[in-house]
Amino acid sequence: MSLGKRLKEFAENNFSTIADFTQQLGIIRENAYRYFNDTVSPGSDILIRLAELGCDINWLLTGNYSVKKSNYVNIDTIENNNSPKILEYQVFGTIPAGRAEIVDLTDWIQKMVIDYSPQDHALLIVDKEFGYSMSPIIQPGDVALFSFNNKIRNGRPVAARWGESKGALKIAHFNKETPNYIHLFSSNSAEPPIFLHRNKVKLYSIVAFFLLGRDPQ
């Protein structure tokens with residue numbers, strides 16, 4: 001087992017979530033995954049903090065325990081031992097966006113982990129008066145979950161902010177012919193696109209929508 005895998009084992013066994021672990025350790029989530037994947041190794045400052053959190057540094061570095069192994073379970077884990085660390089859902093299949101057959105995966109042992117930590121994510125409510133540019137896909141009153149750290153991808157929905165108080169939920173497009181500009185499109189074709197200089201706009205990746213604004217049928 002590598003150093004990164006031992007560190008991940010320590011984090012999973014002693015903290016309720018990865019977000020809790022990174023907060024206690026004083027690092028960002030991305031750096032934790034770099035350690036877990038053995039992309040980089042923790043330096044002396046991180047090792048000192050890990051020791052303060054109860055990690056056996058000799059075991060972490062070599063795989064050998066300094067003393068006889070004992071199972072440490074923190075009080076939060078004891079009090080919430082019936083609660084899952086993350087949300088995990090079974091994948092039922094794939095569904096086309098055009099004319100094709102649905103692929104049934106219910107017999108497969110396949111699951112998807114939903115882990116949107118409040119340390120890295122927040123919610124935006126689509127304005128009920130000025131929220132029609134993304135209709136009919138997203139409607140006023142719906143809720144968008146956005147990430148502070150996820151990479152912005154071409155053709156995917158974003159929360160854009162520019163100027164002192166301007167902002168919008170749009171679909172981001174990057175054109176190689178105009179690399180210094182970002183094109184923000186709407187689902188509603190009646191809405192004209194917005195063109196902004198990269199240095200004038202801040203983008204946040206939308207990772208999920210909750211259709212809370214719909215009237216019951």
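**Notes on the pocket, the strands around it and the helical core**

1. Let's start with the largest pocket: 22 residues line it, and those nearest its centre are Leu124, Ala160, Gly167, Ala168 and Leu169. Its volume comes out at about 600 Å³. Bear in mind that this is a predicted model.

2. Which elements give two or more residues to that lining? They are strand S5 (121–125), strand S6 (143–147), S7, S8 and strand S11 (201–210). S8 gives the most, with five residues. By residue type, the lining of the largest pocket splits into 14 nonpolar, four polar and four charged.

3. On to S8 and its partner on one side. Strand S7 (residues 157–162) pairs with strand S8 (residues 166–174) through six bridges, in the antiparallel sense.

4. S8 has another antiparallel partner, strand S9 (residues 181–185), joined to S8 by four bridges. Here the hairpin has six residues between its strands.

5. Phe185 deserves a look of its own. Setting aside residues up to four places away in sequence, Phe185 touches Met134, Lys170, Ile171, His173 and Pro193. Take His173 from that list: Phe185 and His173 are 12 residues apart in sequence, with their C-alpha atoms 7.5 Å apart in space.

6. The largest nonpolar core has 18 residues, and the ones touching the most other members are Leu7, Phe10, Phe21, Phe36, Leu50 and Leu60. At least two residues of this core come from each of helix H1 (3–14), helix H2 (18–25), helix H3 (29–36), helix H4 (44–52) and helix H5 (57–62). H1 gives the most, with four residues.

7. Neighbours within four places in sequence aside, Leu7 is in contact with Phe21, Tyr35, Phe36, Leu50 and Leu60. Among these contacts, Phe21, Phe36, Leu50 and Leu60 are, like Leu7, listed with the core residues that touch the most other members.

Definitions and conventions:
Residues are numbered from 1 along each chain as its sequence is written. This is a predicted model: local features need pLDDT of at least 70, side-chain atom pairs count only at pLDDT 80 or more; totals for chains, interfaces and linings use all residues. Side-chain values use heavy atoms; hydrogens and water are left out. Two strands pair if DSSP finds at least two bridges between them. Contact means heavy atoms within 4.5 Å. A nonpolar core is a set of buried Ala, Val, Leu, Ile, Met, Phe, Trp, Tyr and Cys residues joined through side-chain atoms within 4.5 Å. Buried means under 20% relative accessible area, exposed over 50%, partly exposed in between (1.4 Å probe, protein chains only). On a 1 Å grid over the protein atoms alone, a cavity is a set of points where a 1.4 Å probe fits but cannot get out, and a pocket is an open set with protein on both sides within 12 Å along at least five of seven lines; lining residues have an atom within 4 Å of a point. Grid points are joined across faces, edges and corners, and a volume is the space filled by probe spheres set on the points. Ala, Val, Leu, Ile, Met, Phe, Trp, Tyr, Cys and Pro count as nonpolar, Asp, Glu, Lys and Arg as charged, and the others, Gly among them, as polar.
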